[in-house]
Amino acid sequence: MTTNFGLSRTLRRTGSFPSARTVRIVILGQGAVGKTALAVRFITKRFIGDYDPTLETIYRHEVTMGGDAVNFEILDTAGQEEDALLIEEKIKWADGFVIVYSVTDRCSFDEVMRLCFLVNHIHTAGSRRNCPEPPPMIIVANKKDLEFDRMVSVQDGESLRRSLKLPLHEVSVRDGWEETAGVFQALYADIVQQMDSSPPSFRRRAVSRLMEKIPRIHSNSALGSTGRSFSFSSFRDLLPD
Ligand SMILES: Nc1nc2c(ncn2[C@@H]2O[C@H](COP(=O)(O)OP(=O)(O)OP(=O)(O)O)[C@@H](O)[C@H]2O)c(=O)[nH]1
């Protein structure tokens, strides 16, 4: 997918944006596909090698993108089976979705279709319109740097993209920030298009108690208070210049 955004100019760290548009994104996918790495790479520009298995976290990150001030709220989910009600709450909360698989893990690829149907089903079932638009979604095929361990070919990804009619970005979160940023820029463009074309009454903005319980990390604050353990000490040190 192409966007009108130039990478270097449009993504930069800013102060607070009182009048910014808030965009909520959920990252879904099986365990160990790189969901946390993707979120942290986008926000800090750094690749951090090892994390504890994800305790769910909402990252809050303010940037300018395509000239807009944007407050991203990015929910990094735990890549494990969970209560259907909980996943439903998270899906209802979001404006857009990143669904990640690893090219080194066939099971994670097989899971993408189920997750896409789940997201579509929950949005369709809850919409008051007869023909709701599907929510903005992007598929990310991660770890393309591990060519030697590849179990999902580029062609497999292409077939999936065609059958789901969704954008697919093959990336290496490890090797580059631009590819990762491109994922969030493309998704943001789709979300904005949908927000601007549908009346606000059709959008889900209610925040359930469950969502309020998920720890939040602001990109302007140091990590540590949530109990989340990373292999770096200060989030502030890793923010882009
Ligand atoms: N080689 C390579 N390794 C990666 C890449 N992205 C993530 N990893 C590694 O894959 C492992 C899992 O990454 P995480 O970001 O913790 O994966 P996750 O999907 O959040 O996992 P859960 O928290 O269990 O759901 C870590 O060791 C990362 O360093 C990549 O692009 N290339």
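Which residues of α2 are buried? They are K35, T36, A37, L38, A39, V40, R41, F42, I43 and T44. Keep in mind while reading on that this is a predicted model.

**The chain as a whole**

Let us step back for a moment. The chain holds 7 helices and 7 strands, and from the N terminus these elements follow the order α-β-α-β-β-α-β-α-β-α-β-α-α-β. There are 241 residues in the chain, and 36% of them are buried. Among contacts with a separation of 6 or more, 74% join residues 24 or more positions apart.

The largest nonpolar core has 53 residues, and the members that touch the most others are I25, I27, F97, V98, I99, V140 and L187. Helix α6 (residues 177-197) gives this core its largest share, with 7 residues.

Now back to the helix of the opening question. Just after α2 comes K45, with a positive phi of about 70°.

How do α2 and α6 lie relative to each other, roughly parallel or roughly perpendicular? Their axes come within 9 Å and cross at roughly 95°. An angle from 65 to 115 degrees counts as roughly perpendicular, and α2 and α6 are therefore roughly perpendicular to each other. Where they meet, α2 contributes L38, R41 and F42, while α6 contributes W177, T180, A181 and F184. In general, residues three or four places apart on an α-helix point the same way, because there are 3.6 residues a turn.

Strand β5 is largely enclosed by the rest of the structure, because 6 of its 6 residues are buried. M137, I139 and A141 point one way from β5, I138, V140 and N142 point the other way, and all are buried.

The pairings of β5 can be set side by side:

| Strands | Sense | Bridges | Example of bridge partners |
|---|---|---|---|
| β4 and β5 | parallel | 6 bridges | V98 and I138 |
| β5 and β6 (residues 168-170) | parallel | 3 bridges | I139 and L168 |

From β5 the chain passes through helix α5 (residues 154-164) to reach β6, and this β-α-β crossover is right-handed. Two residues of these pairings return from the core: V98 and V140 are among the members that touch the most others.

**A residue on helix α4**

One last stop is N120, which sits in helix α4 (residues 106-126). Is N120 buried or partly exposed? A residue needs 20 or more other C-beta atoms within 10 Å to be buried, and 12 or fewer make it exposed. N120 has 17 C-beta neighbours inside 10 Å, so it counts as partly exposed. N120 and P135 are 15 residues apart along the chain, and their C-alpha atoms are separated by 7.0 Å.

Methods: Residues numbered from 1 in each chain as written. Predicted model: local features only at pLDDT ≥ 70, side-chain atom pairs only at ≥ 80, totals over all residues. Helix = DSSP H or I, 4+ residues; strand = E, 2+ residues; numbered from the N terminus. Contact = placed C-beta atoms within 7 Å. Core = buried A, V, L, I, M, F, W, Y, C linked by C-beta atoms within 7 Å. Pairing = 2+ DSSP bridges. Right-handed = clockwise from strand over helix to strand, strands pointing away. Axes fitted to C-alpha atoms, helices over the stretch in contact; angles between N-to-C directions. Parallel < 35°, antiparallel > 145°, perpendicular 65-115°, else oblique.
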